[in-house]
Amino acid sequence: MTYQETLTWMFSQLPMYQNQGKTAFKKDLSNSINLSRHLGFPEKEFKTVHVAGTNGKGSTSHMIASVLQQAGYKVGLYTSPHLKDFRERIKINGLPISENEVVDFIEGNTSFFDENKLSFFEMTVGLAFQSFARHKVDVAIIEVGLGGRLDSTNIISPLVSVITNIGFDHTQMLGDTLPKIAFEKAGIVKKETPVVVGEYQEEIHSVFYKKAIENRSSLFLAEQNIEDDFDSDLKGYYQSKNIKTAVQTIKVLQELSFSISESQIRNGLLNVVKNTGLLGRWQVINEKPLTICDTAHNKEGLNYVLEQLLDLEYDNLHIVLGVVNDKDLGGILPLFPQKAIYYFCKPNIPRGLDAEILKDKSEKFDLNGTVYLSVNKALEEAQKNATDKDVIYIGGSTFVVAEIV
């Protein structure tokens, strides 16, 4: 198979959360364990850092990877979802693995996948672990896909477990209260393994505290321990919390004999995009008119992004907006400014919410605009209407941003 044929097979024949939603979520680790055994337990051949959380886990993972690269380590980075190319999920020192690695992995294990009915996510994790082992990375930063306790990545024994924060997202799978969601995220905590918690949240702190006690694990609260004097090339307001979480994690790694200087920490944080190729986080894609996209898609993430957006100076605000069909619109639409021109669209995935429905729901919150046939059509119209003194924002879903970066 060619690379594109391989991707078509992966995307169309196996259940995948971003296409199917809840039906693709498997509450079992047996497939991941069986695949690991089949591959020869590749995850045991390199050190790992495990990162979970509702918001910020992607940015935090990239920050940690960037600092470690800056310090001279060979770093694997596993994240999801991708924006443009599947291989963005699996990087080594900021570069995606080759197309041939993807093709060879699928072709070499197709019968095993078929026999065991592996999901898209399960086999992607297996590919990442095998690639990192073959390339002999010093350490791999592994981002949880969904939840933590039952996530396919949760077969590793990391040096440190990281939980950025807890918010309401994927409640159908993870639970409808913060403590329930926190319990799922805390499932990545391992015996006698340090735990970094990015934000102190009174309602759920006891969940992490009890889990750390049960596992005889040291618990570090980044928000309280790390001074607010670090800067990054990731300029979203919300990145201040992610920076502290990443720095606290690096401090723990230093205690575990990683050689990382203060200047390497600061330079790593200032070169995240250059070192790792991260896209879609308060990303400026045009200066005139100022055009910004961001992958924030739930209440907690959008709060920060929209606060920053409204702090900008402009004559008119144009918002290209699309969401997926399981989004809690009653929770996020009230966050958006009424004084803006909306361009409603549907991201090009099966889970994308019909733009007409989004428009109807938005009008109940006095968010008014027009429906467009695609994300790109919506953006083109916004660009036609905007002057150099206006601002265009594109967001609402990772999949909306993926179509324009």
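Ser32, Leu35, Ser36, Leu39, Pro42, Glu43, Glu122, Val125, Gly126, Phe129, Ser152 and Ile155 line the largest cavity. This is a predicted model, where local features need pLDDT of at least 70 and side-chain atom pairs count only at pLDDT 80 or more, while totals for chains, interfaces and linings use all residues. Residues are numbered from 1 along each chain as its sequence is written, and side-chain values use heavy atoms, with hydrogens and water left out.

**The cavity**
- A cavity here is a set of points, on a 1 Å grid over the protein atoms alone, where a 1.4 Å probe fits but cannot get out; lining residues have an atom within 4 Å of a point.
- The structure holds one cavity of 30 Å³ or more, and the largest cavity has about 60 Å³ of space (the volume filled by probe spheres set on the points, which are joined across faces, edges and corners).
- Helices α3 (30-39) and α6 each give at least two residues to that lining; helices are DSSP runs of H or I, at least four residues, numbered from the N terminus.
- Sorted by class, the lining has six nonpolar, four polar and two charged residues (Ala, Val, Leu, Ile, Met, Phe, Trp, Tyr, Cys and Pro are nonpolar, Asp, Glu, Lys and Arg charged, and the others, Gly among them, polar).

**Helices α5 and α6**
- Helix α5 (residues 99-116) packs on helix α6 (residues 120-134) at about 125°, their axes 11 Å apart (axes are lines fitted to C-alpha atoms over the stretch in contact, and angles run from 0 to 180 degrees between N-to-C directions).
- The crossing of α5 and α6 is right-handed, meaning the near helix is turned clockwise from the far one by less than a right angle.
- On the α5 side, Glu101, Val102, Phe105, Ile106 and Phe113 make the contact, meeting Met123, Gly126, Leu127, Gln130 and Ser131 of α6; contact means heavy atoms within 4.5 Å.

**Glu101**
- Glu101 sits in helix α5 and, leaving aside neighbours within four places in sequence, is in contact with Leu127, Ser131 and His135.
- Its C-alpha atom is 37 Å from that of Ala222, 121 residues apart along the chain.

**Helices α11 and α12**
- The axes of α11 (residues 239-255) and α12 (residues 262-270) come within 12 Å and cross at roughly 145°, in a right-handed crossing.
- Ile243, Val247, Ile250, Lys251 and Gln254 of α11 touch Glu262, Ile265 and Leu269 of α12.

Key
1 Å grid on protein atoms, 1.4 Å probe; cavity = no way out; pocket = protein on both sides within 12 Å on 5 of 7 lines; lining within 4 Å.
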